[in-house]
Amino acid sequence: MTKFRWKRLALALAAVSGLAVSGAHAQTVLKASHQFPGGKGDIRDEMVQMIARDVAAANVDLEIQVFPGSSLFKPNDQWNAVTRGLLDLTSFPLDYASGRHPIFSATLMPGLVGNFDRAMRLNDSEFMQEIKKVIEDAGAMVISDAWLSGAFASKKACITSPETMKGQVIRAAGPAFEEMLVAAGASIASMPSSEIYSGMQTGVLDAANTSSASFVSYRLFEHAKCLTAPGENALWFMYEPVLMSKKVFEGLTPEQQKAILDAGEKAEAYFNEEVRKGDQLMIDTYKKAGVEVVEMSKEDYDAWLAVAKESSYKNFAANVPDGDKLIEKALAVE
């Protein structure tokens, strides 16, 4: 069930139950968790904070307490917590759960998205309907869609063509990118984005790829020599939605459910407008810090895509039932 269907259901239930129901319930407190810095302008934190404010303003006896910066759950623990009803809401990089659900690797597949306009069209495509069905079957639901573009940064040398990756130890966000980077000659050190700074600081990492928002909010410019911005040839896009426990949502009153869905819709609209500014903010921040900023050429992008198709794309098709057909559905979205 898409978030739009959830909203229609909540509206219908609210109409049947009548507005007097909300006054009969004591204040319900929900907890939202994410790994990103709080109060630092990170757009994912801003989305969750906005949802909390709008739900409070709806006056439906519902409060959302936000716990940023991995202060409530560690990054990789959030999926299990939200699907079991131990956590109410989270802003979550979905590929982090690809170990449990390999299909989620499609939401961080090299070259699959390309730009923000296409990302928005993907949200309601057959491709995402299959992804969201797995999310819901596991016990969660999407409150707000969110796709972030990403970049590469290195302490050694600029990362452009696949050859420039050889010999570097890099953090990649998920299996699909790891497989592609290994095929290009890199070594991998796996960790959540919240640990990249210390990894680069201590020498565990030579390089990293992550979202543009994380490159800024985690201050990775303090250790980077060169940044490869998304530019016209964005290889990296990741799906990082706001998720809610289905069990918790279904336990709310119809008015509370409607308030949650309305707030999620508003936060998604805010995100879709503001996220486009993130790449330029990252570029400006890194240039100001004295970091060299480059972009991949079309030839570089095509070379990476060729490596990906022989590694991550091929492995996804082999390990996920009908994985090749799922990728075709994504590529078919104009």
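What is the order of the five strands in the open sheet?

1. The order is β2-β1-β3-β11-β4, and the pairing is mixed. Strands here are DSSP runs of E of at least two residues, helices runs of H or I of at least four, both numbered from the N terminus; two strands pair if DSSP finds at least two bridges between them. β2 (62–67) and β4 (140–144) each have a single partner strand and stand at the edges, so one side of each lacks a neighbour in the sheet. From one strand to the next, the twist averages 25°.

2. The model is predicted: local features need pLDDT of at least 70 and side-chain atom pairs pLDDT 80 or more, while totals for chains, interfaces and linings use all residues. Residues are numbered from 1 along each chain as its sequence is written, and side-chain values use heavy atoms, leaving out hydrogens and water.

3. β3 (residues 89–91) pairs with β11 (residues 242–245) in the antiparallel sense over three bridges. Within this pairing, Leu-89 stands opposite Met-244 in β11.

4. Helix α10 (residues 254–274) lies across β1, β2, β4 and β11 and runs at about 55° to β4. Angles, from 0 to 180 degrees, are taken between N-to-C directions of axes fitted to C-alpha atoms, for helices over the stretch in contact (heavy atoms within 4.5 Å).

5. Cys-158 and Cys-226 form a disulfide, with sulfur atoms 2.0 Å apart (cut-off: cysteine sulfur atoms within 2.5 Å). The link is right-handed, with 100° about the S-S bond. Cys-158 lies in the loop between β5 (147–154) and β6 (169–171), and Cys-226 in strand β9 (residues 226–229), 68 residues apart.
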